[in-house]
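The following note sets out points for a colleague reading this structure. Please consult the sequence and the coordinates alongside each paragraph.

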Amino acid sequence: MEGGGESACCGICFCSKLQKKICCFLIWFPVFIILILLAVVFIKGLTVQDRFERMKLLKEEVVLINPDNETKIAWANKLGGAIKFPTVSRNETDQNVEEISKLHDYLKTAFPLVFTSENVQTFY
């Protein structure tokens, strides 16, 4: 250990002060960056405000319904009628347009109030 500025860093090897500084920098710099990022995320989490509001589709208040079993069965039968139409399409060019059109007509007659809404778009 004469001259050369070498010293035992961990008792295992001998390295210069510059090598020791570089080694410490390479170890502690990523740890320091991760701690800063965690602090930023934590502070952002504490200071976040509700920036979005739920869009209202209707101007009037929504009234939830609680139908009886007979009404539920009638609705299920109406909706079950929709599965009778074989609307299988393999891709955009091979579509069963005739059956899709029949399904659309059925849904329009079975659920007329749905199609009176301004939020419903039809394509057939």
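1. Basis of the note. This is a predicted model, in which local features need pLDDT of at least 70 and side-chain atom pairs count only at pLDDT 80 or more, while totals for chains, interfaces and linings use all residues. Residues are numbered from 1 along each chain as its sequence is written, and side-chain values use heavy atoms, with hydrogens and water left out.

2. Secondary structure. The chain contains three helices and two strands, in the order β-β-α-α-α from the N terminus. Helices (H or I, at least four residues) and strands (E, at least two) are DSSP runs, numbered from the N terminus.

3. Of the 124 residues, 7% count as buried; buried denotes under 20% relative accessible area, exposed over 50%, and partly exposed the range in between (1.4 Å probe, protein chains only). Among contacts (heavy atoms within 4.5 Å) between residues at least 6 apart in sequence, 24% join residues at least 24 apart.

4. The whole structure holds two aromatic pairs. The ring centres of Phe 25 and Phe 29 are 5.1 Å apart and their planes lie at 25 degrees, so this pair is stacked. Rings of Phe, Tyr and Trp (its six-membered ring) pair if their centres lie within 6.5 Å; planes under 30 degrees apart count as stacked, over 60 as edge-to-face and the rest as tilted. Both residues belong to helix H1 (residues 17-47), four residues apart, or about one turn of the helix. Phe 29 is partly exposed, its relative accessible area being 41%.

5. The pair reaching helix H3. Phe 85 and Tyr 106 form a tilted aromatic pair, with 5.7 Å centre to centre and 45 degrees between the planes. This pair links distant parts of the chain, 21 residues apart: Phe 85 is in the loop between helix H2 (69-80) and helix H3 (97-110), and Tyr 106 is in helix H3. Tyr 106 is partly exposed, at 22% relative accessibility.

6. Glu 99. What is the burial state of Glu 99? This residue of helix H3 counts as buried because its relative accessibility is 15%. Leaving aside residues up to four places away in sequence, Glu 99 touches Phe 85, Pro 86 and Thr 87.

7. A charge over a ring. The charged end of Lys 78 sits over the ring of Phe 111, 5.5 Å from its centre. The criterion requires NZ of Lys or CZ of Arg within 6 Å of the ring centre and within 35 degrees of the ring normal.
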